[in-house]
Amino acid sequence: MRIAMFGAGYVGLVSGACFADFGHRVTCIDKDAGKIERLRDGVMPIYEPGLESLVARNVREGRLDFSTEAAEAVAGADAVFIAVGTPSRRGDGHADLSFVYAVAEEIAGLIDGFTVVVTKSTVPVGTGDAIEEIIRKARPDADFAVVSNPEFLREGAAIADFKRPDRVVVGLQDERARPVMAEIYRPLNLNESPILFTGRRTSELTKYAANAFLAMKITFINEMADLCEALDADVQQVARGIGLDNRIGSKFLHAGPGYGGSCFPKDTLALVRTAADAQSPVRLVEATVEVNAARKKAMAGKIVRALGGDVAGKTIGILGLTFKPNTDDMRDAPSLDIVPALQALGAHVQAFDPEGREARQLLRDLDFKEGPYEVAAGADALVILTEWDQFRALDLARVKASMRAPVVIDLRNIYRPAEMQALGFNYTSVGRKAQTPA
């Protein structure tokens with residue numbers, strides 16, 4: 001199959017490269033000429049494990065290319081995917097669909113013969129109807145079908161998620177699109193990945209419902225963590241105790257500083273706004289949005305309390321700035337709330353993240369170090385904010401020896417309290433009893 005992919009960002013690039021690896025012929029289209037030139041040179045615009053080699057292999061084998069010009073790719077395509085950004089609109093939280101609609105206008109003038117137009121971007125319910133109307137108005141003679149095919153990719157594990165998905169959701173109104181989409185995803189038959197064909201609006205809502213549910217699950221265990229601290233219980237054991245119930249499941253039950261990233265904050269807010277417009281409010285999701293925002297801000301207070309209530313003039317080391325490991329994504333990362341709050345209280349903050357280069361533009365007056373041990377050196381406290389693998393097995397004796405005071409605040413619970421106590425640390429984690437040296 002021939003595929004045109006509008007957007008060479010996270011979703012478009014990963015999806016395009018994986019489709020090419022399935023054997024399809026894919027052209028990724030983006031208006032950013034600099035990005036396209038760098039992609040042609042093998043330079044990735046994002047950090048995602050395995051993506052660089054996947055792109056290089058498919059470019060080398062002639063299945064994947066990049067362009068700023070859409071005409072040839074769209075005219076020859078069996079399917080045209082829209083994978084551009086839908087950020088939260090300033091002021092009201094609705095998804096900004098301007099990029100999606102602009103692409104629809106462009107596609108309208110270029111399609112030749114029956115073409116399936118596929119929305120891969122996360123869009124509110126009814127967007128497929130609007131895209132169809134835009135194309136039909138611009139090209140009454142066009143022969144096309146508009147399909148919803150939301151992505152369910154985890155940053156840091158996107159390639160595995162694409163190639164071995166829990167499910168593929170395809171929403172359509174025109175049955176002619178079914179065999180085209182079935183052929184595009186046919187390689188997944190080997191893995192017996194289920195493909196759910198449904199209505200277009202149902203598919204659009206499914207994406208938002210999935211992300212909102214996962215966001216609520218994270219927020220639930222975070223609130224349980226606070227309760228555990230108040231009642232001298234262990235949130236990790238609580239999470240295991242409920243997660244072994246297969247009606248609940250163990251995933252997304254890891255207490256921490258709150259969710260961030262490109263999906264959950266934006267999508268929960270968009271769902272709240274969509275539901276309000278439909279006069280069918282989603283109170284649980286509304287509460288999730290509010291609680292998560294408050295939690296990220298509250299984490300600075302947790303750090304301050306671990307330092308005796310005053311951080312003025314103290315040096316705090318931060319390990320990890322991105323919202324999760326194995327990504328360079330800083331969108332809505334807890335660090336964007338925590339670091340400025342500590343600085344406002346007079347702390348000197350030094351930090352390291354393996355891929356958080358964007359933090360240099362987003363966080364002012366932050367002292368960036370070259371590694372975790374440099375961050376620990378001279379620090380009055382060390383905060384583990386993102387659970388990168390290289391932070392999981394630190395030489396703790398070396399860490400302690402280099403610190404001004406042996407205080408560790410582990411906001412990801414990657415170390416065992418008893419072991420940290422035995423090593424002589426004042427150790428604070430999330431949803432577990434704080435430990436002081438014996």
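**Ground rules**

I am working with a predicted model, where local features need pLDDT of at least 70, side-chain atom pairs count only at pLDDT 80 or more, and totals for chains, interfaces and linings use all residues. Residues are numbered from 1 along each chain as its sequence is written, and side-chain values use heavy atoms, with hydrogens and water left out.

**The second largest pocket**

I looked up the second largest pocket and got a volume of about 1200 Å³. Its lining has 46 residues, and Gly9, Tyr10, Val84, Gly85 and Arg331 are the closest to the centre. I had to check what a pocket is: on a 1 Å grid over the protein atoms alone, it is an open set of points where a 1.4 Å probe fits, with protein on both sides within 12 Å along at least five of seven lines, and lining residues have an atom within 4 Å of a point. The volume is the space filled by probe spheres set on the points, which are joined across faces, edges and corners.

Which helix gives the most to this lining? H5 does, with 4 residues. Helix H1 (10-21), helix H5 (98-108) and helix H11 (264-277) each supply at least two. Helices here are DSSP runs (H or I, at least four residues), strands are E runs of at least two, and both are numbered from the N terminus.

I also sorted the lining by class and found 18 nonpolar, 12 polar and 16 charged residues. For that count, Ala, Val, Leu, Ile, Met, Phe, Trp, Tyr, Cys and Pro are nonpolar, Asp, Glu, Lys and Arg are charged, and the others, Gly among them, are polar.

**The cores**

Next I went to the largest nonpolar core, which has 43 residues. Phe19, Leu51, Phe81, Met181 and Ile184 have the most contacts inside it. H1 supplies the largest share of this core, 8 residues. There is a second, separate core of 36 residues, and Leu321, Phe323, Leu366 and Val383 are among them. A nonpolar core means buried Ala, Val, Leu, Ile, Met, Phe, Trp, Tyr and Cys residues joined through side-chain atoms within 4.5 Å. Buried is under 20% relative accessible area, exposed is over 50%, and partly exposed is in between (1.4 Å probe, protein chains only).

I then listed what Ile184 touches, skipping residues up to four places away in sequence: Met1, Ile3, Phe19, Phe22, His24, Ala79 and Phe81. A contact is heavy atoms within 4.5 Å.

I found Glu151 in the loop between strand S6 (144-148) and helix H7 (158-163). Glu151 counts as buried because its relative accessible area is 5%. Beyond four places in sequence, Glu151 is in contact with Val11, Lys120, Thr122, Lys207 and Cys263. A polar atom of the Glu151 side chain is 2.9 Å from the backbone nitrogen of Leu153. That is a polar contact (N or O atoms within 3.5 Å, one able to donate a hydrogen and the other to accept it; residues adjacent in sequence count only if both atoms are side-chain atoms).

Lys163 is in helix H7. At 17% relative accessible area, Lys163 is buried. Leaving out residues up to four places away, Lys163 touches Cys18, Asp21, Phe22, Leu54, Arg57, Leu188 and Asn191.

**The loop between S9 and H13**

I located Thr322 between strand S9 (315-319) and helix H13 (335-344). Thr322 is buried, at 1% relative accessibility. Its side chain reaches the backbone oxygen of Lys324 at 2.9 Å. Asn326 is in this loop too, but Asn326 is partly exposed, at 29%.

**Positive phi**

Most residues other than glycine have a negative phi. I noted a positive phi near 65° for Asn326 and one of about 60° for Asp232. Asp232 lies in the loop between helix H9 (200-231) and helix H10 (235-243), and Asp232 is exposed, at 51%.

**Towards the end of the chain**

Ala422 is in helix H17 (residues 417-422) and is exposed, at 69%. Ala434 lies in the segment after strand S14 (426-428). With 46% relative accessibility, Ala434 is partly exposed. Beyond four places in sequence, Ala434 is in contact with Tyr427 and Thr428.
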